[in-house]
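Please look through the sequence and the model before reading the comments. The note is written for a reader who is new to protein structure.

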Amino acid sequence: MTAPAPDRAPAPTPGDTPGDAPAPARIARFRSARRIPAALTALAVLGVAGLFLYDLIAVRAGRPGMQWRSELADQLGGKTPADPWVLVAAGVLAVAGALLLFLALTPGLRRILPMRPPDPEAGVRAGLDRKAAALVLRDRAMEVSGVRSARVAVRRSRVKVRAQSHFRELDEVRADLEEVLTVGIGELGLAHPPQPRVRVTRAPVGKR
């Protein structure tokens, strides 16, 4: 009797290399609904449009138009683009338009960090609050020998850590912190892991 031959892996296709891996899917940031700016803009547009529509209907019905519209038309007829009030109004409108455009294009929800889904094609998304991530990393930093206190701030691209050490060499504490934080950041499962930036100082004599 002869043992069955072991299963053989399929032959690699041309162009494939053993180190090739599927490219990671791009995880988009969470977008804010912008409910408050959208509601305020909608109310302002609705109010102005309703006011002008009411005045138009009143004129069509044979009633005199609103006095403020007649005065506004007279003032605008006597103004030029170089008038200071026209420039101020144009500047205010331009700033308001730029602000609305900025709110429309930016994702918002900066406090939510997108996490890496186990199956990108499943359509399930998850996020981690920055404060929660900072608390987890702070607990990991406090486990390092020699660290008396630590402050952690999580940003999109980096994690800022300020720690105080009451014994051991500062370089050794910094190296251990960088190693522990790198592992901790990897365990968070973020789609775009930030890079740690560690700063270690000596604790004051009275606090050692």
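1. Basis of the note. This is a predicted model, in which local features need pLDDT of at least 70 and side-chain atom pairs count only at pLDDT 80 or more, while totals for chains, interfaces and linings use all residues. Residues are numbered from 1 along each chain as its sequence is written, and side-chain values use heavy atoms, with hydrogens and water left out. Helices (H or I, at least four residues) and strands (E, at least two) are DSSP runs, numbered from the N terminus.

2. The sheet. Three strands make up an open sheet with mixed pairing, in the order E3-E4-E5. E3 and strand E5 (195-202) each have a single partner strand and stand at the edges, so one side of each is left without a neighbour in the sheet. On average, and with direction ignored, neighbouring strands of this sheet are turned by 15 degrees against each other; the axes behind such angles are lines fitted to C-alpha atoms, for helices over the stretch in contact, and angles run from 0 to 180 degrees between N-to-C directions.

3. Strand pairing. Two strands count as paired if DSSP finds at least two bridges between them. Strand E3 (residues 147-154) and strand E4 (residues 158-165) run antiparallel and are joined by seven bridges. Val152 stands opposite Val161 in E4, and a hairpin of three residues connects E3 to E4. E4 and E5 pair in the parallel sense over eight bridges, with Arg158 opposite Gln195 in E5.

4. Helix H1. Does the span of H1 agree or disagree with its 26 residues? At 1.5 Å a residue, H1 should span 38 Å, and its end C-alpha atoms are 36 Å apart, which agrees. The expected span is 1.5 Å times one less than the number of residues. Gly62 follows H1 and has a positive phi, near 95 degrees.

5. A nonpolar surface patch. Val48, Leu51, Phe52, Trp68, Leu72 and Leu76 together form a nonpolar patch with about 530 Å² of accessible area. Helix H1 (35-60) and helix H2 (67-78) are the elements that give two or more residues to this patch. Patches are made of residues with over 30% relative accessible area and no salt bridge, like charges being joined within 9 Å and nonpolar side chains (Val, Leu, Ile, Met, Phe, Trp, Tyr) within 5 Å. Accessible areas come from the Shrake-Rupley method with a 1.4 Å probe, and for residues only the protein chains shown count as cover. Trp68 lies in helix H2 and is partly exposed at 31% relative accessible area (buried means under 20%, exposed over 50%, partly exposed in between; 1.4 Å probe, protein chains only).

6. Salt bridges. How many salt bridges does the structure hold? There are five salt bridges, each a side-chain nitrogen of Lys or Arg within 4 Å of a carboxyl oxygen of Asp or Glu. In one of them, the closest N and O atoms of Arg140 and Glu187 are 2.8 Å apart. Because Arg140 lies in helix H4 (residues 130-142) and Glu187 in helix H5, this pair ties together parts that are 47 residues apart in sequence.

7. Arg168. This residue is found in the loop between E4 and helix H5 (170-187). Arg168 has a positive phi, near 75 degrees, although it is a residue other than glycine. Arg168 also forms a salt bridge with Asp176, with the closest N and O atoms 2.7 Å apart.
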